[in-house]
Amino acid sequence: MAAIASDHGHGHGHDEALHHQFENMEQQNDSYIVGMWTFLVTEVMFFGALFLIYTLYRSMYQMDWYLAHEALNVQMGMVNTFVLLFSSFTVAMAVRYAQLQKKWGVLSMLAITQVCAGAFMVVKYFEYQEKFGHHLYPGPGFGSHPEYLHGATPNFAQLYFGLYFGMTGLHGLHVLVGMIVIGYLMAKWWRNSPMVTKDYIPTELVGLYWHFVDLVWIFLFPLMYLMPKP
Amino acid sequence: MSAIPADPNVTAVSATPRTETNYLNADWSIKSWLLTGDHKRIAILYLVSVSFFFFLGSIAAGLIRYELTAPAGFILESETYNKVFSAHGIIMVFLFLIVAIPAILGNFLLPLMIGARDMAFPRLNLLSWYLFMIGGACIMGGMINGGVDSGWTFYVPYSSMYANSNVTMVLTGIFIAGFSSITTGINFIVTTHKMRAPGMTWFRLPLMVWALYATGVVIILGTPVVAVTLLCIIFERVFHLPIFSAELGGDPVLFQHLFWFYSHPAVYIMILPAFGVQSELIANFARKRVFGYHLIAFSSLAIAGLGFLVWGHHMFISSESMYQGVVFSLISFLVAIPSAIKVFNWTATLYKGNIRLQTPMIYALGFIGLFTIGGLTGLFLGCLGTDVHLTNTYFIVAHFHYVMVGGAVTAFLGGLHYWWPKMTGRLYPESIAKWNAVLVFIGFNLTFFPQFIVGFMGMPRRYHYYYFAPEFQPYHIMSTLGSSVLALSFIIPGLYLTRSLSKGAKASANPWGAHGLEWETSSPPPTSNFDQIPVVLDEVYDFDPVTEHEQDKAAQALEVPSYLSNEAKSAESEKEKR
Amino acid sequence: MFSNFPATPPQASSFSREHDLIFYALLALTIIFTVMVGIGVIYFVIKYKRGSDADRSRPIYEDARLETAWSVIPLILALIMFYFGTKLFITMRVPPADAQEIFVIGKQWMWHVQHSNGVRENNTLHVPAGKPFKLTMISQDVIHAFYIPAFRAQMHVVPGRYTTMWFTPTQPGKYHLFCSMYCGTQHSEMGGTVVVMEPREWANWIENGGQSQASLTLEQSGERLYKQLACNNCHGAEDNMRAPSLYGIWGKKRTLTGGRTAIADQSYLRESILRPHNKITNGYSNTMPVYDGQINEEDVLKLMAYIKVIGSSVGGPSSSGTDTAAAVLNKTKGTMSPFAANAIQYQNSSMRRVDSTPTTRSGELAVNAIAAQQEAKGN
């Protein structure tokens, strides 16, 4: 096939932030956005499988799961939901400030996001602690204090709590990873690294990830905490 | 060739590179290899590690075949035998088949074929290789620590509650290797969408690129599901979180649904790139554009999509309902059609071509035969009535080895030989390679054809002993004899390909006279792939068999092989003239 | 196929023929398409090989009719095979209403089979030809699979839920039973045999509690062996020239050659059977054959049990007209276990027969106690 070389190459007015494999910033930004969304699709499939298991078992054991879920503290769950929703707002603000190249705006918004994430983890810690204390963690000692089961069949309640700890645990892990990544981003902004100051995309990508983490919780919260009586 | 508008800024690409520096010799330090972002170097890293794992998996295969020659085994206890077949499956599926063509040939070729300088995310690409190595190390650690005996399918409750072996360690390795696969898939998708050179429209893409793109889609959608499913087993074993436990009211068959939701598309991850290689080989060695280009491109996407709707055909007798079985069977028959179309299209490509029977073509022709048999025997298994008898027997083992080894491995070898000059700058010895390709075909059929028969007779798979049924023995003996031929035919290329790195003749930019952007740059290519990014004006596989035939006649008169590099060619013709 | 080198499984159920028809149809399809493609490839490769003078002008790159044809025709063939396969599958999945139930429990690493009348067997399955049976199966631990290749029948056996499969055996014979879902170390040894019997033979089998004939007591086995070994040719009801009578010798003092005496206890009897030359009864010579090495210890015990009761109605030599243990058993079979039948027989023995020799008895067996009671009454 005939191919004619064109004279683009490097060295005529390209950004510091342009990576060598890309021809221009538009291609680079597009690629990163598409890449991040593709990654988020994999995360949807990842959590999706767990939601599928949840759906199956809840439809099989509706009453027992309803009873078991009463062991959860809805107030703490609500606090966590609002905290995460608010943190999604602040991270969106951070992306906006990044587009406007306003360093202190970015840093303050990201800091609030981190505080929210930290609050989420702290509330989670107390929730888990309460469950361990009530012997609601699956295993040999499960249900040794039956009053905390609220009348649910212990076997099926174990399935519920197995999924509860599995899904909220995985979600919590994603929150932690998010906190680490946001911390890294903040460090880059603090040091005026051109990677973030000249290019808002890294901040946008982190924002996308954080929105996804929030979205998973938006699904988890009603499914786990807000079950209607069957 | 199309008319080129006069433009002082445009210069033609030269056939020989301006400089001798290529991606291999640019920097010899270990650090430059281990911290590379260059997709070509990453492909070579994968080549070395994947070959190593293939070798380990083959040893396990040899042990299996050796043991099965006698109804009561020779040297292994049952527990050890169970660990050996599990190792064979795990290594071959997760560390070889899922990875080989996409990560080696795909990584090397995708940017070159679309005219890009590198993948969209080079550092992610390197991470992919490290994740593969860490996952592989975890798996091998589990093997060395005593192995697992759950089979590569890890059915619960055996693997979650009953197995005493290193399930957690091996599952962790598979989980990590899964992320290696996911990052490769992300790279393929974004690169194909965003990094094509000017003029490289979707329908000018080589079919290899279509195949890699479809593979990326399958990887993205399927791998996370199996990752979390295997994670659930780890949850049960390590954290006591019951998910599939029947005693507590859980559903062990749910594991099977989730596992096969990935593992069926996984086989398309293994075969779609092989189809891509196959299209490239047939087009370039028949010197003709592939028949039905559009249909082959769309059939790759159709297979990727439909492949997600057939997982239940692994579960017809697992207690899934009759209606589920009927639906899955119907869709399974439908998904067979695009593959059949491809086979017919490749055959039709040969019509009025100008066929060169060099080594890659021998592999490609072998692929057509073996994949046809393998694919058609899949119909026996998609057909409900016959599957009830044939499932869980050696018929299944024979079927998937025909498509995986007769299909994917044959295509891998064909592609490796075809692109070897491009990747290494060296030519392999053609005549020994050609005869070895025939040996692969023969050894393969001798090994696996008897397994169809013994499976139909009722021998279950994963059986160490069969002394209840000594009538199975003759077929096992035949199969083991065949496997020694097959083993030889895999060892020989390992030897001559390695030798060619130092002793092989140097290759020109385009030793095959093939079409494709990868052949427009030197062999091996420079680190940045192209001196200047090409602008694509021509259609893909732009061969003209009639003109070529005339050129061949002329070349025949001189008796100079055209695959030698230009320097060697001129030296040869000098010799002839004298 | 050659009978010494089989390549196909036997056809032993109502599914087998239909299954094999579909299988061979698919095989024919496979062969036809493979050959077609193979011939196409080889022909084109030879004709259009580089350097050959074939006509390469106007090559074809797309042809809608051809592509449609080779998409639609395989599709139609595929749907035809789908139809027949589904038809057979639905038959395999819907058992007839009159199918008799058998229960199967799979566990690492054996099969427990239970027939609906209580007869149990391990790793085997006895069924009659011609009747449909439905298996209801469950696992005690991991997932197994119950596979009978000759029946073309296979189904997973899962913990926590029942799975079912059904078949009608058609051909008497012995067939393989395999576990076909990997279940651990001894997965390949978790097999057995499916025995398809003639219906009457099976009826006999199932009513005898899962054996071909009623089980015999120790004395009955001993009686059978006594006749088999032709002991009664010399040892009759009375002492004769060849040998002394054994009636009532149990526990009695015996006078041996050379003036020695011995009590006819267990070791005496054993010694006298195995090495008779050591203890020859007074008045007789060494003519009894040596049984040491001819019979095993179990046989010795059987003979001994019989000799203990020989001569009484319970263990008397059988003759037509008298109620042997077997005959009594036959009367009561089908309604109770062999042991119950024996108990009735013991009771019946209290109605003494005229031809039995009254003797005193002592011993562990209830038989002896009852006979002794009768003895006492009779005297």
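Which residue forms a salt bridge with B:Lys40? The partner is B:Asp38, and the closest N and O atoms of the two are 2.9 Å apart; the views below come from a predicted model.

In this predicted model local features need pLDDT of at least 70 and side-chain atom pairs count only at pLDDT 80 or more, whereas totals for chains, interfaces and linings use all residues. Residues are numbered from 1 along each chain as its sequence is written, chains are lettered from A and ligands numbered from 1 in the order in which they are written, and side-chain values use heavy atoms, with hydrogens and water left out.

**View 1. The salt bridge of B:Lys40 and B:Asp38.** A salt bridge is a side-chain nitrogen of Lys or Arg within 4 Å of a carboxyl oxygen of Asp or Glu. B:Lys40 counts as buried at 0% relative accessibility, and B:Asp38 is likewise buried at 6% (buried means under 20% relative accessible area, exposed over 50%, partly exposed in between, with a 1.4 Å probe and protein chains only).

**View 2. The salt bridge between C:Arg161 and B:Asp251.** Here the closest N and O atoms are 2.5 Å apart. B:Asp251 lies in the loop between helix H8 (207-239) and H9 of chain B, and C:Arg161 in the loop between strand S7 (153-157) and strand S8 (163-167) of chain C, so the pair joins two chains; helices (H or I, at least four residues) and strands (E, at least two) are DSSP runs, numbered from the N terminus. B:Asp251 is buried, at 12% relative accessible area, while C:Arg161 is partly exposed, at 26%.

**View 3. The salt bridge of A:Glu127 and A:Lys124.** The N to O distance is 3.1 Å, and both residues are buried. They are three residues apart in helix H4 (residues 103-133) of chain A, and therefore separated by about one helical turn.

**View 4. Surroundings of C:Phe167 in the largest nonpolar core.** A nonpolar core is a set of buried Ala, Val, Leu, Ile, Met, Phe, Trp, Tyr and Cys residues joined through side-chain atoms within 4.5 Å; the largest has 339 residues, and C:Phe146 and C:Phe167 have the most contacts inside it. Not counting residues up to four places away in sequence, C:Phe167 touches residues including C:Phe15, C:Leu125, C:Ile148 and C:Phe151, a contact being heavy atoms within 4.5 Å.
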